[in-house]
Amino acid sequence: MAPSSAPQPGSTDPSVIRNFCIIAHIDHGKSTLADRMLQLTGVVDARQMRAQYLDRMDIERERGITIKSQAVRLPYRTGDADYVLNLIDTPGHVDFTYEVSRSLAACEGAVLLVDAAQGIEAQTLANLYLALENDLEIIPVLNKIDLPAAQPEKYAAELAHIIGCDPSTVLKVSAKTGEGVTELLDEVVRRIPAPVGDAAAPARAMIFDSVYDTYRGVVTYVRVIDGHLAPRERIAMMSTGAVHEMLEVGVISPEPTPSDGVGVGEVGYLITGVKDVRQSRVGDTVTSARNGATEALGGYRDPKPMVFSGLYPIDGSDYPLLRDALDKLQLNDAALVYEPESSVALGFGFRCGFLGLLHLEIVRERLEREFNLDLISTAPNVVYRVVMEDGKEIVVTNPSEFPTGKIAEVHEPVVRATILAPSDYIGAIMELCQTRRGVLGGMDYLSEDRVELRYTLPLAEIVFDFFDALKSKTRGYASLDYEPTGEQDADLVKVDILLHGDPVDAFSAIVHRDKAYAYGVQMASKLKELIPRQQFEVPIQAAIGARIIARETIRAIRKDVLAKCYGGDITRKRKLLEKQKEGKKRMKMVGRVEVPQEAFIAALSTEDSAAAKPK
Amino acid sequence: MPSLPPEGDPAPDDGALPSSALEGLGSRPFGVYVHVPFCSTRCGYCDFNTYTAEELGSGASRSTYADQAVAEVRLARRVLGDVDLPVSTVFVGGGTPTLLPPGDLGRILAAVRDEFGLVDGAEVTTEANPDSVTPPSLAALREDGFTRMSFGLQSTAPHVLAVLDRTHTPGRAVAAVDEARAAGFEHVNVDLIYATPGETESDFAASLDAAVASGADHVSAYSLIVEDGTRLAARVRRGEIPDLDDDVAADRYVQADEALTAAGFAWYEVSNWARPGGECRHNLGYWRGDDWWGIGPGAHSHVGGVRWWNVRHPAAYARRIAAGLSPAQAREVLDPDDVRVEHVLLRVRLSEGLPLDLLDRAGRAVAGRAASEGLADSAALGEGRLVLTRQGRLLADALVRDLLG
């Protein structure tokens with residue numbers, strides 16, 4: 001338990017508050033360090049300690065990543081004074097850049113945590129830049145100094161070079177053993193500025209996270225900037241004007257603890273009874289419903305899906321289950337969008353929009369795991385803006401919507417990608433980015449043998465298999481981060497795949513004209529392997545509009561008869577027929593062609609499905 | 001015999017059949033199949049229910065088998081009742097029936113004759129390994145009442161026989177046919193296996209020539225099947241032998257059909273060709289859905305819509321027979337839809353064709369399309385029968401799936 005002298009929520013002097021987060025790559029020990037801080041401040045004792053206390057969801061635990069941030073209030077006494085440290089956990093992935101930025105905006109400082117055996121990674125660097133943009137005080141820390149492979153001197157120099165500090169000021173800790181963690185807490189108290197706000201002003205609190213809880217409804221995490229929020233008060237969401245009654249206010253330490261309120265500089269949670277995280281959006285400003293603030297805190301943005309994919313139940317009768325499951329997930333995921341769609345090949349499903357590939361992968365995995373669904377997902381695609389010659393504009397989130405008429409321009413989203421890698425791999429990385437239509441923006445040496453490459457790349461080029469390719473070309477050493485930076489014109493075409501003359505919607509793709517042929521050839525030959533021979537010859541064609549660019553042929557089957565009857569065992573023969581008929585029922589008909597479900601799955605799952613799991 | 005028997009309903013210990021199965025008994029041709037589950041060696045491709053001396057173990061032996069078979073013949077008579085039920089066809093298969101002690105086949109046949117009687121001109125066949133017969137043994141079989149011999153020729157190419165693990169020398173089968181003819185057998189069959197990995201078109205042409213020249217009036221030609229659990233399957237899996245190629249099998253089938261037709265044979269079932277009058281009536285009974293009783297371990301029977309199969313191991317069979325119990329392991333009683341499905345499945349394979357009235361409207365439409373695509377004979381379709389063309393025979397299973405929707 002917290003010491004009795006500790007300042008109480010709702011009446012804490014802002015001068016003793018330190019709000020900070022930990023910026024780290026996965027595996028670099030953020031959760032272990034957070035655990036150690038919980039222990040050292042007495043918030044959790046060793047017996048209660050569950051490894052990586054802050055990561056709650058199973059998927060997070062297994063993947064070692066934090067999807068949803070939380071905030072823990074740590075009472076800390078050092079010297080003769082009591083302090084309140086609010087550790088705000090940040091999502092660790094590229095798809096959640098916006099959420100990260102809101103978490104950072106809730107802090108005055110950040111611990112930059114880097115593995116002393118590996119050095120900084122691209123995402124960490126990207127988040128560091130975000131933190132610097134937010135004027136956060138950065139405390140550089142090398143973790144895992146107990147490892148034999150640790151090179152603290154080397155990476156301290158690297159960090160110092162990036163931040164522009166003296167290498168000697170880089171702290172060295174082992175979150176695992178606890179070495180140096182107390183010193184780190186002291187440094188947090190010493191260096192991170194206390195929050196500043198106007199206690200007398202109308203309340204303004206920024207939402208930096210919003211989580212759906214089955215029992216409590218939506219739990220909203222806020223950082224109070226001005227004023228005070230109290231239970232039973234009616235509050236307003238400034239982006240929508242929606243008003244809710246506040247049922248509970250409190251802090252997490254480490255379990256939710258109701259309080260009399262939260263004041264300037266404090267971090268806490270609100271429960272209003274709303275059931276959908278859309279009503280309590282990250283980045284929004286909470287104020288009092290009566291005499292509230294007139295000006296919202298800056299920085300709110302609607303979540304914008306960047307990557308789309310069709311999700312279809314393998315068993316068509318699971319469609320209603322999939323719909324219910326998406327409805328439930330959406331309660332906890334303001335960025336997930338979906339609408340029903342149907343595919344000739346795959347039946348009924350949903351076109352879903354995601355923040356990025358990991359987001360897609362997480363949603364898909366949760367649907368399969370928590371709702372026990374077997375799903376096919378179509379190849380992910382980005383959103384295109386197509387301008388026709390008559391000036392009409394069409395937004396394409398599914399290749400099948402790509403217009404056939406006279407197209408003036410096609411715009412595609414682009415990202416600014418940051419790649420960190422040992423300098424030996426510069427050539428390989430440049431070659432890869434070249435083939436992905438990348439434009440080099442700049443290159444810096446972080447240290448003697450590590451470089452940072454900045455590229456502008458079409459998002460479409462990295463949603464497929466870029467990350468895997470990058471990893472394999474750099475023996476796993478490269479790390480990648482990217483953020484959307486707008487759009488560009490490109491010479492893009494839709495390639496259709498025709499089976500026996502009938503287009504198969506699930507295989508249509510929008511690709512750069514220079515790559516259309518390669519896509520067509522690859523898809524046609526893949527399908528030739530996957531589709532069993534039929535009683536007639538089946539041409540597989542790839543086409544741009546009416547022009548055929550690639551062709552394969554599945555030869556007609558010539559023999560489908562069992563020669564003998566096994567000594568009068570007609571039963572066996574009939575059972576075999578029944579089994580074959582069952583198999584036939586599971587075939588999808590594309591025109592007259594029987595296509596096994598597995599062929600669709602295999603054709604749609606790029607060998608690089610791991611690409612959807614960047615780290 | 002398949003590697004694994006189907007699952008089914010329990011069969012009663014006394015072998016009794018439901019009364020529905022006994023209705024009309026005697027109005028359909030009735031056959032007896034006798035399974036002799038012994039071989040001197042096991043061929044690498046074979047998954048039949050047969051046992052070498054070492055595999056047999058104690059509890060069963062070749063020398064006591066005939067007595068057990070005779071006992072099952074008597075059981076059959078008891079189960080089927082006193083109805084007048086002369087046997088039209090007897091077929092002794094294996095295994096290698098001629099491995100039984102001399103006279104045993106004759107004793108089993110005599111029991112069939114004693115219990116049921118044989119119709120005039122009954123067809124009585126035994127399979128034989130060409131190496132296991134001699135002119136005197138053939139004469140004795142003829143004397144016992146056998147009318148038809150069936151020899152496994154398989155191939156005349158030594159390298160093909162080697163892949164199949166067949167022990168006989170290529171010329172021996174042809175000589176055996178001669179000896180059978182000389183012993184007075186009017187009907188003789190030779191079995192061929194084609195599309196064995198390594199077999200060339202000319203290898204098979206030579207085998208076909210030998211079969212035609214041998215004087216046999218019946219040829220069964222089977223595409224080699226790599227059955228799970230066989231030595232051949234293991235060798236294919238290990239890559240020692242290339243896997244079978246269905247396109248090659250289709251080529252060989254066409255080759256067989258052409259060569260045999262040119263030699264005066266006609267197909268009457270997908271894998272069987274005969275000179276006029278040489279069709280195997282016992283074999284036809286299987287495809288027409290006639291009644292037959294299967295004697296011996298693992299043997300399958302069909303009587304009036306009930307199918308059953310005996311326990312597989314000769315020792316288990318011997319124990320049940322010794323205890324006075326039916327050796328049936330399980331059975332199934334076909335419902336009318338099963339019966340219709342079987343008729344379509346089986347009769348479509350015959351040159352006499354499938355009566356179209358066994359098909360529903362959708363099935364008849366499929367039959368029409370098959371004729372338009374060259375899979376079925378248009379003239380026969382006009383006469384109400386679905387008769388497969390050569391191309392149709394090669395795709396018979398696919399067509400059946402379509403016919404039955």
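**Exercise 1. How many bridges join strand 5 of chain B to strand 6 of chain B?**

Before the solution, a word on what you're looking at. This is a predicted model, where local features need pLDDT of at least 70, side-chain atom pairs count only at pLDDT 80 or more, and totals for chains, interfaces and linings use all residues. Residues are numbered from 1 along each chain as its sequence is written, chains are lettered from A and ligands numbered from 1 in the order in which they are written, and side-chain values use heavy atoms, with hydrogens and water left out.

*Step 1.* Find the elements. Helices (H or I, at least four residues) and strands (E, at least two) are DSSP runs, numbered from the N terminus. Strand 6 of chain B covers residues 187–194, and strand 5 of chain B covers residues 148–154.

*Step 2.* Look at the pairing, which takes at least two DSSP bridges between two strands. Strands 5 and 6 of chain B run parallel and are joined by six bridges. One pair to look for is S150(B) with its bridge partner N189(B) in strand 6.

*Step 3.* Now try strand 4 (residues 118–128) of chain B, which also pairs with strand 5 of chain B in the parallel sense, over four bridges. Here A128(B) has F151(B) as its bridge partner.

**Exercise 2. Are the residues of strand 5 of chain B buried or exposed?**

*Step 1.* Count. Seven of the seven residues of strand 5 of chain B are buried, so this strand is largely enclosed by the rest of the structure.

*Step 2.* Sort the side chains by direction. In a regular strand they alternate between the two faces of the sheet. Here R148(B), S150(B), G152(B) and Q154(B) point one way, while M149(B), F151(B) and L153(B) point the other way.

*Step 3.* Zoom out to the chain. Chain B has 17 helices and 15 strands, and 58% of its 405 residues count as buried.

**Exercise 3. Which strands stand at the edges of the open sheet in chain A?**

*Step 1.* Write down the order of this eight-stranded open sheet: 10-9-14-7-8-13-11-12, with antiparallel pairing.

*Step 2.* Check the ends. Strand 10 (243–245) and strand 12 (256–258) of chain A each have a single partner strand, so one side of each is left without a neighbour in the sheet.

*Step 3.* Zoom in on one end. Strand 11 (residues 248–252) and strand 12 of chain A pair in the antiparallel sense over three bridges, and V251(A) has T257(A) as its bridge partner.

**Exercise 4. At what angle do helix 13 of chain A and helix 17 of chain B pack?**

*Step 1.* Know how the values are taken: axes are lines fitted to C-alpha atoms, for helices over the stretch in contact, and angles run from 0 to 180 degrees between N-to-C directions.

*Step 2.* Helix 13 (residues 570–585) of chain A and helix 17 (residues 396–403) of chain B pack at about 70°, with their axes 10 Å apart. That makes the two helices roughly perpendicular, a label for angles of 65 to 115 degrees.

*Step 3.* See who meets whom, where contact means heavy atoms within 4.5 Å. K573(A), L577(A), Q580(A), K581(A) and K584(A) meet D397(B), V400(B), R401(B) and D402(B).

**Exercise 5. Where does D333(A) lie, and which residues does D333(A) touch?**

*Step 1.* Look in the loop between helix 7 (319–331) and strand 16 (337–343) of chain A, where D333(A) lies. At 15% relative accessibility, D333(A) counts as buried.

*Step 2.* Leaving out residues up to four places away in sequence, D333(A) touches V277(A), R278(A), H359(A) and V363(A). D333(A) and V277(A) are 56 residues apart in sequence and 6.6 Å apart in space, C-alpha to C-alpha.

**Exercise 6. What is phi of R232(A)?**

*Step 1.* Go to the loop between strand 8 (217–226) and strand 9 (234–237) of chain A, where R232(A) lies.

*Step 2.* R232(A) has a positive phi of about 75°, although it is not a glycine. At 55% relative accessibility, R232(A) counts as exposed.

Conventions: Angles under 35 degrees count as roughly parallel, over 145 as roughly antiparallel, 65 to 115 as roughly perpendicular and the rest as oblique. Buried means under 20% relative accessible area, exposed over 50%, partly exposed in between (1.4 Å probe, protein chains only).
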